[in-house]
Amino acid sequence: MKKNMKQLIVLMLVAILTAQCNISESPKSTATQPPNIILIVTDDQGYADLSAYEHVSAHCKTPHMDRIAKNGVLFDNCYVSGPVCSPSRAAIYTGKYQERWDHNMSWAPGLPVNVPTIAEILNKNGYVTGKVGKSDFGKNYHNPEARDFPNNHGYDSFIGFSAHAHDFWLLDEDIEKATPDPYGESASLGRIFRNKVKVGFKDTYSTNLYTDEALMFIESNKDKPFFLDLSYNAVHELIHQVPEEYRKKWDAPKIPNYDPSMGTYNDYYYKYTKVGDITDEGKRKLYLANLNCLDDNIGRLLNVLEKLEILDNTMILLISDNGGEPLTGANNLPLTGSKYTMHEGGIRVPFIISWPEGLPKNKLYQHRVSAMDIMPTCLEAAGVNMHGDYEFDGCSLIEPIAINMPSDKAKDPLCFQFGKQWAIIDDGWKLVYAEDYKPHWRPITSQIRLGVNSGQVGLYNLNTDIEEQNNLIDLLPRKGEELQMKFDMWLNDMKQDHKNYQFKQVEKMDLKGHKN
């Protein structure tokens with residue numbers, strides 16, 4: 001009897017353990033390979049310029065970006081680490097505050113030699129890596145020998161430009177040779193790089209070209225895990241450069257493309273990057289036309305992933321590098337401010353992640369997240385463990401999304417420094433010194449709400465005042481002092497860390513890309 005009872009207990013335990021193993025088995029664990037990862041970085045997209053959001057701006061429709069949201073997770077409380085592209089991208093690709101190595105804590109952090117990028121780590125762990133589009137860390141533009149250049153920090157292949165901005169249409173050698181100043185930092189044109197060699201294109205549009213290149217990369221690597229970094233320069237200036245079919249669809253004004261007979265490209269660039277020669281209404285229409293074209297190209301990408309039957313095991317992340325530009329017609333409402341500012345409109349951005357085999361679908365996640373969470377999230381999805389030898393300032397979002405709880409990092413203060421502007425966000429409270437972007441020589445569009453407390457320290461409860469309209473600094477001075485103390489501690493930590501980072505010394509390049 002006792003023997004039979006023991007046998008019965010053993011059989012029951014075996015059955016229970018077998019059932020537990022079957023229950024715990026997930027689609028992720030049965031996948032034949034780690035997920036493909038596609039990081040889509042849009043340029044200067046407004047917080048309200050994504051129609052998956054309830055706060056979507058008037059007339060804005062982004063059905064293909066919305067497809068990603070319906071297939072995954074939409075975030076409405078995501079912050080980048082800086083209000084302009086170079087610092088924010090440095091943090092996206094490293095998972096760390098760029099202030100740790102940027103002594104100026106401003107426009108041009110660069111990329112240290114001893115900070116691994118997401119591409120480097122994934123490449124070392126079996127991923128084929130490719131970058132398409134814009135590469136911008138604020139230093140060493142146009143220089144293929146610099147650490148900042150994509151082939152030198154983890155990418156097997158690269159096609160695009162190494163600069164702050166590039167003409168959408170003028171990508172050929174003839175225009176490059178005919179233009180007095182083709183290699184400016186904020187206003188460049190002519191050939192782009194294929195790996196470390198300049199190549200020219202005629203009769204093409206860069207948003208379409210970058211999608212074509214991305215699709216070729218996907219189709220060539222569909223049978224192995226790949227990481228594709230697709231960094232469009234849409235919807236950055238020059239916002240008036242858009243294919244004719246989209247311009248007509250939105251009844252937007254027609255602006256001539258640059259011709260060397262007009263003078264320098266720099267003069268042309270700044271002539272049209274403000275309200276004046278293009279009306280306020282015209283700017284908004286051109287922005288929506290440009291966004292429409294970008295969205296359709298993202299739709300092309302999704303269609304190919306579906307056709308190849310690899311969409312379910314592909315993690316797609318889409319994020320804007322900073323808040324909407326105040327000169328293009330972008331809309332950040334209900335937020336105050338824009339790119340260049342430490343108001344919410346400069347640092348709070350659209351963000352989506354989809355991965356059908358590993359994450360929920362059609363979910364809104366409202367806890368605070370950071371662009372520094374992107375790298376650790378991708379590494380966890382890929383099964384890469386850094387073994388504690390690398391400390392991120394972000395953290396993986398996979399488990400927090402699954403249980404709909406704040407991440408561990410969301411419980412800590414999130415801090416920012418950009419020139420004179422700074423901010424700290426902690427438990428829904430924000431202490432900030434922000435300045436509006438509104439130079440007298442460069443009028444901005446009416447889509448942007450200016451700050452009511454610009455140029456002074458403000459204390460806001462973002463849980464009830466996302467618009468930053470009610471400055472509580474005089475009513476709650478002790479809360480302000482508490483946040484100031486936390487910010488000062490963070491800032492001191494960043495400054496103490498500066499000595500731990502090294503930069504590669506590179507030779508300067510002349511305007512034709514030759515070493516001096």
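Which residue forms a salt bridge with R284? Select R284 and D49: these two form the bridge, with the closest N and O atoms 3.2 Å apart. (A salt bridge here is a side-chain nitrogen of Lys or Arg within 4 Å of a carboxyl oxygen of Asp or Glu.) R284 sits in helix α10 (residues 280-307) and D49 in the loop between β1 and α3 (63-70), so the pair ties together parts that are 235 residues apart in sequence. Helices (H or I, at least four residues) and strands (E, at least two) are DSSP runs, numbered from the N terminus. R284 is buried at 8% relative accessible area, and D49 is buried at 0%. Buried means under 20% relative accessible area, exposed over 50%, and partly exposed in between (1.4 Å probe, protein chains only).

A quick word on what you're looking at. This is a predicted model, where local features need pLDDT of at least 70 and side-chain atom pairs count only at pLDDT 80 or more, while totals for chains, interfaces and linings use all residues. Residues are numbered from 1 along each chain as its sequence is written, and side-chain values use heavy atoms, with hydrogens and water left out.

**Zoom out**

Show the whole protein chain as a cartoon: you have 14 helices and 15 strands to look at. Its C-alpha atoms fill a box of roughly 100 × 60 × 50 Å along the principal axes. A compact globule of 516 residues would have a radius of gyration near 24 Å, and the protein chain agrees, at 24 Å. (That radius is taken over C-alpha atoms, and the globule rule is 2.2 Å times the number of residues to the power 0.38.) Of the 516 residues, 60% count as buried.

**Select helix α4**

Now pick residues 85-94. How many residues of helix α4 are buried? The count is 10 of the 10, so the helix is largely enclosed by the rest of the structure. Among them are C85, P87, I92 and Y93. Then step just past the end of α4 to G95, which takes a positive phi of about 75 degrees.

**Back into α4, to R89**

Show the side chains of R89 and D321, which form a salt bridge with the closest N and O atoms 2.9 Å apart. R89 belongs to helix α4 and D321 to the loop between β8 and α11 (344-347), so this pair ties together parts 232 residues apart in sequence. Are R89 and D321 buried or exposed? Both are buried.

**Over to helix α14**

Next, select D497 and R100, whose side chains meet in a salt bridge (3.1 Å, N to O). D497 is in helix α14 (residues 477-497) and R100 in the loop between α4 and α5, so to speak distant parts of the chain, 397 residues apart. D497 counts as buried at 13% relative accessibility, and R100 is buried at 10% relative accessible area.

**Last stop: charges**

Finally, colour the salt bridges across the structure: there are 33.
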